[in-house]
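Let's take a walk through a protein structure together. Have a look at the sequence and the model first, and then we will go step by step.

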Protein chains: 2
Amino acid sequence: MTFPVVGMVGGGQLARMTHEAGIPLGLKFKLLSDTPQDSAAQVVADVVVGDYRDLDTLRAFAQGCDVITFDHEHVPTEHLRALEAEGIPVRPGPDALVHAQDKGVMRARLDAIGVPCPRHRIVADPADVVRFAAEGDGFPVVLKTVRGGYDGKGVWVVETAEEAAEPFRAGVPVLAEEKVDFVRELAANVVRSPHGQAVTYPVVESIQVGGVCDTVIAPAPDLPEELSLQAQELALTVAEELGVVGHLAVELFQTRDGRILVNELAMRPHNSGHWTQDGAVTSQFANHVRAVLDLPLGDPRPRAPWTVMANVLGGDYPDMYAAYLHCMARDPQLKIHMYGKDVKPGRKVGHVTVYGDDLAEVRERARHAADYLRGTITE
Amino acid sequence: MTFPVVGMVGGGQLARMTHEAGIPLGLKFKLLSDTPQDSAAQVVADVVVGDYRDLDTLRAFAQGCDVITFDHEHVPTEHLRALEAEGIPVRPGPDALVHAQDKGVMRARLDAIGVPCPRHRIVADPADVVRFAAEGDGFPVVLKTVRGGYDGKGVWVVETAEEAAEPFRAGVPVLAEEKVDFVRELAANVVRSPHGQAVTYPVVESIQVGGVCDTVIAPAPDLPEELSLQAQELALTVAEELGVVGHLAVELFQTRDGRILVNELAMRPHNSGHWTQDGAVTSQFANHVRAVLDLPLGDPRPRAPWTVMANVLGGDYPDMYAAYLHCMARDPQLKIHMYGKDVKPGRKVGHVTVYGDDLAEVRERARHAADYLRGTITE
């Protein structure tokens, strides 16, 4: 085999950073992007602009690709099955990916394999939400459309039957879940290859603000060894049982009573793994690429005692480049990762990482840089 | 200022890896490449194919670039002066770069600022080479064309007047140098920005085989602190006195009698600095980009006690990708960097790096991977 062509569907920052990680391996990278201005399209040589919802576009794109992988979960499952039936390696395959596309399918499967989840069931209408609440500890209840949500979109926390009307308007099945009394959110990230090798990253703490990931701390501070192992084993089980290929992020709740419950699954590089670019021997992006090509996986271990990643959200100041001067001069070890996206308030436009021996100091440095880049502080 | 456009002249592996390092900074990267198949052209979105020896091509390329920098030293100095006169920031500028382009100019300038060099002078013809030999310890004498050489090309070690005829055939001025009785070769690499900030990487040992860099050990083992400091100060002096902007590699001889002499200068990322991609907080590529944009420089310190880089040369086996399976499975910490070049015997097609605590072990792992990828060993 000569150097393979990796076909990436989706032109967001995950594709951009996967391309970056693939360059050293000498891979050829082909991108299917919505527009020529997408984050990844700005930095990739071989870009096809087209609609991932169109099967013929996907078919034409797949010509000449040795494997197809994804920046997002939005490609229709039936299209992936069609590509696979035509002999195109799709990784993760549709039988795995559907669990990251459809929260109803995901919950049913996790129940079947004995993976602990919040109490949940599909609900028919607002009256059914009231019944679901009554079956447990009452309101509030979390409602999610089974498809199409991300970063807090497609998720509602409701207190009454009236508030429960909104999620049903899209005509998509709605999943009800108990509102978990959690201490914090964790993520257990693993990478699995087709022949079954798997590696496990340290369990991280993920701090959300307004439903959007804000800060990730690797490893999760003060996490009992037992819970850490349980979370890692759980992620490995999910990866194996669901036949995941590539990076799997398992978002978890750590409950007040010391349990671990699965919140969400993502089968691609994930925000909770960005810290690995600078903080681990092998990044999630490099290992995702290695996995989809069925190459042996790289060492997932951390390179420093602590690594903190902070997302850079768009603020009121459009020119983040101007902030580089201060941030780089203040902290010569700071790692900046920008996505080439226009700044819009609240939009994820980049992230920073800082690593070191002292968690409080590392965290302060990452926080400062993210805030300064956003423009919420000016010194 | 919005995110700047960095114009890179030359499509080789240094441009490829500089692009890779620029992606996280959100920079726009524009490439002037000889062909669409060049190493960097395979991975860059915005590629202009053209001849860097043509001033109009350079002028057209420079439109829309905020700064111009280089993958190699071969752009005619007068073209760079023309671009600069037209207001285009050229970094390093022609007044600095000429010292990396013309070995005669370089030697004269280093003499003038008191930097120790091998005994040398421009020689007129073979008879003059005999006189040069007689002025010192006799033959052998090293002859170099003042322009156009690299990786052992344009360099001859001669023992007689007859052997000295060849270098004069090109009609380029010839520089004669004593053949230094060196213990080993070192490199002192620094990065300097237009406003004068400079950072210094640890001095490395560079092991050449057949005139081509084979292995780099960072830091140089058993180098006395005094010599290390002397080498670093020397490199900083050269960078400042010559007005270098960007990465400066100072290739050095460590002589048997304990002196440091300058062999060559390169004003761009350099093979002796490839170890920094995985072994330093900030790579030479990232710092080169930061310097040419006059951004504050990143921390140059090593992340591990030892980092070893071994070049991967083309061998008899054209399919290096097949070797990934064994290399990655044997060493999950191995870092492979391939350049997307066709394999030709002796051609630099990639490099590997390994870092760790035990130099002998780290060196064996790098050696094994480079040899296995080349095909000179099969287990």
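Is B:Arg131 buried, partly exposed or exposed? Keep in mind that this is a predicted model. With a relative accessibility of 45%, B:Arg131 counts as partly exposed. Its partner in a salt bridge is B:Asp128, with 3.4 Å from N to O. B:Asp128 counts as buried, at 7% relative accessibility. Both residues sit in helix α6 of chain B, and because they are three residues apart there, about one helical turn separates them.

Side chains of opposite charge can pair when their charged atoms come close. Another example is found in chain A, where A:Arg81 and A:Asp95 form a salt bridge whose closest N and O atoms are 2.3 Å apart. This pair links distant parts of the chain, since A:Arg81 belongs to helix α3 and A:Asp95 to helix α4, 14 residues apart. A:Arg81 is partly exposed, with a relative accessible area of 38%. Salt bridges can also form a network, as with A:Lys103, A:Arg107, A:Lys144, A:Glu177 and A:Glu264. Over all chains, the structure holds 50 salt bridges.

Now turn to the place where the two chains meet. Chain A and chain B each bring 47 residues to the contact, and about 4,100 Å² is buried between them. Between chain A and chain B there are zero salt bridges, but 18 residue pairs are in polar contact. On the side of chain A that touches chain B, α1, α10 and β16 each supply at least two residues, and α10(A) gives the largest share, six residues. That side divides into 28 nonpolar, eight polar and 11 charged residues.

Technical notes: Residues numbered from 1 in each chain as written. Chains lettered and ligands numbered in written order. Predicted model: local features only at pLDDT ≥ 70, side-chain atom pairs only at ≥ 80, totals over all residues. Heavy atoms only, no water. Contact = heavy atoms within 4.5 Å. Buried area = accessible area lost by both parts, 1.4 Å probe. Salt bridge = Lys/Arg side-chain N within 4 Å of Asp/Glu carboxyl O. Polar contact = N/O pair within 3.5 Å; in protein donor to acceptor, adjacent residues only side chain to side chain. Helix = DSSP H or I, 4+ residues; strand = E, 2+ residues; numbered from the N terminus. Nonpolar A, V, L, I, M, F, W, Y, C, P; charged D, E, K, R; others polar. Buried < 20%, exposed > 50% of the residue type's maximum accessible area, 1.4 Å probe, protein only.
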